[in-house]
Every structure is written in structure tokens, then in C-alpha cells.
Amino acid sequence: MSDQAELPLGGLSRREVVLATSVAGVSALAGCMSDETPTPEREASPAATVTTHSSPALERWVDEVPRPGVVDPTGEKDGQPYYEIEMSEIEHQLHRDLPPTTVWGYDGQFPGPTIEARQGEPISVRWQNKLPDEHLLPVDTTIHSDIIPYETPGVRTVTHLHGGNIESESDGKSQAWYTRDFAATGPEFEQKDYHYVNDQPAATLWYHDHALGITRLNVYAGLAGFYLLRSDEEDALELPRGEYEVPLVLQDRSFSDDGSLFYPTAIADEQSGRGDSHPEPSIVPEFYGDTSVVNGKAWPRLSVGPTSYRFRLLNGSNSRYYNLTLLEYDESTGETGDEGPAFAQIGNDGGLLAEPVPVDDRLEIGSGQRADVVVDFSEYAGETLLLHNDAPALYRGDQSSADDDIVPLHEILLVDVADGADAGGEASEAGAEEATENLPNELTRVPDITLEDVDTKRYLTLTADQDEHGRMVHLLGTEDEPDGLAVDDPVTEEPTVGDTELWSFANLTDMSHPMHLHLVHFQLLGRQPLGEYQSTEDEIDLDALESPKAYEQGWNDVITVHPAEVVHILVHFGEYEGVFNDQTGTYMWHCHMVEHEDYDMMRPFAVRPASESEEDPASEAQGETETRVASESD
Ligand SMILES: [Cu+2]
């Protein structure tokens with residue numbers, strides 16, 4: 001944290017990529033510019049500015065990847081399990097050869113311990129803030145300085161259960177923050193204990209910090225962990241369990257030589273002359289670390305037996321995308337070979353798919369997304385495999401180019417497959433047998449939401465602008481305000497509980513964004529070029545849509561929107577054919593690249609009770625941006 005390299009600020013009028021590179025390793029950030037009148041055809045032209053920072057060169061694959069610990073309840077509250085989980089500053093050994101790193105953990109762990117929950121069994125959690133008075137990382141106090149009291153002592157935190165179908169007051173909204181021992185609280189703070197109803201289907205959820213304006217710093221410092229929601233229905237499938245079920249949180253980090261976390265600050269862009277009045281420190285448009293960290297270890301290796309494993313993959317990186325595959329790997333030469341075993345996708349953000357789907361190309365996973373996959377290593381006994389990422393740092397889906405790979409992170413994790421003879425050891429032979437059984441043909445029932453169900457259509461823009469310091473600010477807009485609204489502008493998305501909505505995200509920027517909705521899980525209808533669908537007035541031609549990939553099927557709470565495309569999602573607010581529930585109140589929707597979320601790609605939405613809108617028909621007219629679908633066909 002002492003070693004702050006200065007990096008250039010982004011500007012907007014040139015379509016450039018501001019980046020920072022170094023020779024041995026790279027620790028940099030990239031900003032992707034967006035013109036005010038974007039066209040689908042444009043391409044970004046990278047331009048480089050050099051900084052000096054690179055992480056210490058660490059020998060790869062020397063540490064075994066740890067399994068996150070599991071946290072036990074502290075006691076009971078109202079007859080239900082009750083947890084007190086502390087956020088505190090801890091020392092953590094990220095690599096054999098790296099001095100211990102000061103990080104922030106939950107319950108003394110980095111990443112935080114896994115909460116094991118069961119469908120139908122609610123729990124309560126008090127997320128105790130025991131962090132020091134000073135932030136571990138440089139805080140840019142110009143971000144929302146009108147609504148954030150930066151002069152208040154203490155570090156602001158608030159924990160969001162990502163993917164949780166939970167009541168508004170337990171959601172962990174960005175302005176429900178609080179400092180150490182609740183000494184100061186944000187305007188939306190309502191209660192100390194969060195209640196998680198756990199009545200949604202089994203899923204790979206996770207918890208992480210969500211405090212307004214500093215989420216990127218709190219998450220980077222370490223405030224994240226798994227929340228695995230299980231059910232009897234899922235247990236009956238006999239998917240790989242115990243040692244054959246491995247949660248893996250993929251993150252990128254950069255370090256200084258003393259082992260401390262490195263997080264950059266932006267400087268004025270001398271090439272463009274913009275940003276002369278930049279603050280110090282200054283937010284960077286994106287962060288890309290040069291070191292792969294999995295479950296809190298840098299460049300680790302994973303030992304498996306020649307059998308089937310279930311991996312709960314989570315992209316816990318700040319900005320980075322991953323495009324994953326397993327490749328055969330020669331450790332002596334460092335060369336990759338043929339494709340290794342394929343991923344069988346069994347679940348996404350919101351739980352199991354209807355049936356296992358082979359991932360026929362790479363598995364794409366954006367920040368905040370989860371992929372529940374099974375890999376059968378039985379044909380690879382005695383081999384070494386590499387979990388390989390080919391997503392460039394500046395990610396644009398298929399339109400990505402080699403020039404975008406300014407901070408490459410191609411090697412993520414090494415996998416050693418044991419010989420058949422010593423697979424798993426004696427004690428687990430029965431489990432190994434069980435794990436190698438074929439996957440069930442049917443996993444669960446996923447009811448289809450269709451266009452005919454839609455009550456309201458919304459056209460929402462992903463865009464960017466320039467602030468008074470010449471820095472780029474990413475924004476979310478509506479059909480009426482396509483240039484974007486701030487997080488504290490009045491709510492424009494006000495669905496009624498029980499309704500189904502079509503949200504069409506139009507990406508006017510040069511990069512892909514993983515868009516997240518709190519509370520709900522939605523289904524991807526499809527994607528199409530921006531020019532083919534421009535507003536809620538247009539009809540959707542289902543035949544023209546690109547259909548969901550394996551990793552986009554079923555229930556999602558994050559969906560990737562590539563540049564110059566429109567992504568249509570179907571969202572039902574409330575219970576839907578026996579799944580999810582009828583929460584109302586205020587929640588957030590935002591880009592899950594946390595640098596973008598902080599500045600300023602985040603907006604509220606408010607789910608209104610059905611009775612409220614019936615009693616007050618005028619409230620529908622308030623929603624400037626919504627198009628109520630006429631029911632003339634009735
Ligand atoms: Cu974004």
C-alpha cells in the first residue's frame with residue numbers, strides 16, 4: 001500500500017485505451033472510452049502510457065490451493081441459526097515466497113469462510129465491523145462526496161448476499177453501510193442483524209462488501225466469501241460431494257515487494273492534457289492484477305483423483321473476465337498441449353440447470369458470476385492440467401483482440417490428476433466410486449419465462465461520460481435518459497410484484513459489462529446487434545436473437561452485455577411457479593466490475609406491492625421509462 005504507482009487517467013474524446021505495462025509482469029488498468037454517439041462498428045485503438053509497477057516474480061504452482069473454511073453458527077436467534085461474523089484486518093500468507101500480506105477477512109479468513117445453508121432453513125447473520133479506523137487502500141474522496149461523509153472516522157462496510165432472494169432491509173444496499181461497532185450508519189441502514197430466508201432453490205451464492213464508493217477497495221482488500229445454499233432435492237442427485245466438491249474463487253491481485261496489496265491510483269493523462277485537476281488518490285476506470293489468486297493463494301495447484309469433481313467457480317475479481325478451459329500441460333517446459341477434460345455445466349448463478357450441458361468452447365465468467373460445473377478426470381490419470389484463461393483484460397467478447405490483453409493472466413491454476421492407484425486414498429474409495437457415476441439426465445425443473453408473459457418493457461443503456469477532472473465515469477441510463485443517471489437520482493425502475501418485465505440492456509461503450517440485479521434471478525432471452533433493436537417500441541424478432549450459451553442458461557443474476565449489442569432478459573418479480581418469493585422494497589442493479597459499480601454504473605430499483613399500484617394507478621405514470629405492454633389481445 002505504500003508503493004503507489006501512478007497511472008494515467010482516462011479521457012473520453014479519444015477512443016483510446018489507457019494502460020500501464022511493465023516488462024516482467026504487468027500491473028495495470030485499462031480504461032475503455034466511449035464516444036457520446038457510439039456506433040456498433042467502432043473499434044478502440046489502444047495507446048500506451050507506461051508505469052513502473054509489477055508484482056514480485058513468484059514461482060508458480062508451489063502452494064496447494066486451500067479449501068475455504070466453513071463457519072459454524074454462534075448460537076440461535078428466534079429458534080434459527082445465528083451467526084456473528086467479524087470483519088477484521090489480518091495477516092495472510094498468499095504464497096510460500098511472499099511475506100505475509102495485510103488483508104481484510106471475515107472471521108479471520110481470506111477469502112471469508114463458507115456459509116453452508118439449506119433451503120427452507122432461514123438464518124440470521126450479524127456482520128460485525130471490527131476494521132481499523134484507516135482504510136488499507138487509498139480512498140478517492142471525490143466519489144459521491146455529496147452523499148458520503150468521508151470525514152466520518154472508520155471504514156464503511158455493508159455485506160451483500162449476492163444472489164439471495166432476501167428482504168430489502170437485509171440486502172446489504174450500498175447506502176446501508178456502517179462503521180466499526182455501528183458507530184456511524186448510512187442513510188439506508190435499517191438493522192444490525194440480517195435475515196436470510198433461504199427459500200429459493202439450491203445455488204452457489206456469495207457474500208461480499210457493497211459500501212457506496214469503496215466497494216472496489218473493500219472487496220480487493222478481501223471482503224468476500226461463499227454462501228452455498230443446498231436442498232434435499234439437490235442432495236438426491238448425488239452430485240460429487242465432500243472432497244469432490246471444490247469451491248474456487250478466482251481473483252487477480254498485484255503486490256509490492258514487501259508483500260502488501262498493490263492497488264493503483266490514476267494520474268493525469270499527459271498525452272491528452274486531460275485530468276490536470278485530478279484528485280490524489282484517484283479512482284482507476286478498471287483494475288487488472290498481474291497475479292492469479294485462487295482461494296487466497298497465488299498461482300496455486302490443486303490435487304485431484306482420476307474421477308469426477310464438482311467445481312463451484314466464482315469470479316471474485318474486480319474487473320477481469322475469464323474465458324476458461326483445461327489444457328494438458330508440461331510442467332518442465334511450461335508448454336500447453338491438447339484440450340483436457342470438458343466442463344459439464346450443471347448450474348449457473350441461481351441454481352441448477354434443467355439438465356447438464358457440455359461447454360463446447362470456453363467457459364466465460366464475468367465478475368460476480370458463478371459457474372457450477374462437473375469435470376471428469378478419469379481419462380487423465382497421472383497428468384497435469386492447466387486451467388487456462390484467454391480472456392483479454394479489456395474484454396469485448398468475440399470482438400476482443402490481442403491488443404486488448406494489456407495485463408495478461410492466462411495461467412490460473414494447475415491441476416494434478418493422481419494416478420489411478422492412489423486416487424483419493426483408501427478412506428474415500430466409496431466416494432470416488434460414487435463421484436464417477438454419470439450425471440443425472442435431469443437436474444431440476446426450470447420453468448420457462450416467455451415474451452408472452454411480459455407486462456412491462458424497459459430499454460436501459462450502458463454508457464460513459466467524462467467528469468470535471470477529465471476522468472471517465474461509466475453510467476446506466478434509460479430510454480428517456482440514455483446518457484445516464486447517477487446512483488442517487490430518483491428511482492426509474494419500479495416493477496410491481498407479480499409482474500414479468502423485459503429488460504433490454506443496450507451497451508453503448510467499447511467493452512463488455514457484467515450486469516447484475518439484486519433480489520431476482522432472470523432468464524436470458526437472447527442478444528442481438530445494437531442497430532437491430534433500439535427501443536421499447538421495437539418488436540423483438542426471436543429468430544434474430546443469438547441464444548444463450550451453456551453458461552447463460554437457467555437462472556442468472558449477472559449477464560454479460562458485449563459492446564454494440566442489446567441483451568434481452570426476462571425478469572419476474574415475485575414468486576414464479578413455485579420458485580423465489582414475493583419481496584418488495586428497494587434494491588440495486590449495477591455493473592459488477594466493481595470499479596464501474598463505484599463510479600457510477602449503479603442504480604436503484606423498487607419493487608412495489610401489487611396492492612399499491614392498484615390503489616394508485618397514477619404511480620404507473622411516474623415511471624418515465626417503462627412501457628406497459630398493452631393487453632389489447634384480451
Ligand atoms: Cu461495467
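Thr159 stands opposite Asp209 in strand S12, where helices (H or I, at least four residues) and strands (E, at least two) are DSSP runs, numbered from the N terminus. Four bridges join strand S10 (residues 159-162) to S12, and the two run antiparallel; two strands pair if DSSP finds at least two bridges between them. This is a predicted model, in which local features need pLDDT of at least 70, side-chain atom pairs count only at pLDDT 80 or more, and totals for chains, interfaces and linings use all residues. Residues are numbered from 1 along each chain as its sequence is written.

**The chain as a whole**

- The secondary structure of the protein chain comes to six helices and 38 strands.
- Buried residues make up 55% of the 634 residues in the protein chain. A residue is buried if 20 or more other C-beta atoms lie within 10 Å of its own, exposed if 12 or fewer, and partly exposed in between, with C-beta atoms placed from the backbone.
- Of the contacts in the protein chain with a separation of 6 or more, 78% are between residues 24 or more positions apart. Two residues are in contact if their C-beta atoms, placed from the backbone, lie within 7 Å.

**Strand S12 and Trp206**

- Strand S12 (residues 203-209) contains Trp206, and seven of the seven residues of S12 are buried.
- Both faces of S12 are covered: Ala203, Leu205, Tyr207 and Asp209 are buried on one side, and Thr204, Trp206 and His208 are buried on the other.
- In a regular strand the side chains alternate between the two faces of the sheet.
- Trp206 has 27 other C-beta atoms within 10 Å and therefore counts as buried.
- Six bridges join S12 to strand S13 (residues 224-230), and these strands run antiparallel. Within S13, Phe226 is the bridge partner of Trp206.
- Not counting residues up to four places away in sequence, Trp206 touches His162, Ala224, Gly225, Phe226, Tyr227 and Leu314.
- The C-alpha atoms of Trp206 and Ile115 are separated by 8.7 Å, although these residues are 91 residues apart along the chain.

- In soluble globular proteins, nonpolar side chains tend to be buried together.
- Phe505 touches Leu460, Leu462, Met515, Val561, Val566 and Val567, not counting residues up to four places away in sequence.
- Strand S31 (residues 500-507) is largely enclosed by the rest of the structure, because eight of its eight residues are buried.
- On one side of S31 the buried residues are Thr500, Leu502, Ser504 and Ala506, and on the other they are Glu501, Trp503, Phe505 and Asn507.
- Strand S29 (residues 456-466) runs parallel to S31 and is joined to it by seven bridges. Tyr459 stands opposite Ser504 in S31.
- Strand S35 (residues 565-572) pairs with S31 in the antiparallel sense over seven bridges. The bridge partner of Ala506 in S35 is Val566.

**A four-stranded open sheet**

- Four strands form an open sheet in the order S34-S32-S36-S37, with antiparallel pairing.
- Strand S34 (558-561) and strand S37 (602-607) stand at the edges with a single partner strand each, so one side of each is left without a neighbour in the sheet.
- From one strand to the next, the twist averages 25°; axes are lines fitted to C-alpha atoms, for helices over the stretch in contact, and angles run from 0 to 180 degrees between N-to-C directions.
- Three bridges join strand S32 (residues 513-517) to strand S36 (residues 585-591), which run antiparallel. His516 has His590 in S36 as its bridge partner.

**A buried and an exposed residue**

- Glu234 lies in helix H2 (residues 232-235) and counts as buried because it has 21 C-beta neighbours inside 10 Å.
- Glu234 touches Ala202 and Leu352, not counting residues up to four places away in sequence.
- Lys192 is found in the loop between S10 and strand S11 (193-196) and is exposed, with 12 other C-beta atoms within 10 Å.
- Lys192 and Arg126 are 66 residues apart in sequence and 6.1 Å apart in space, C-alpha to C-alpha.
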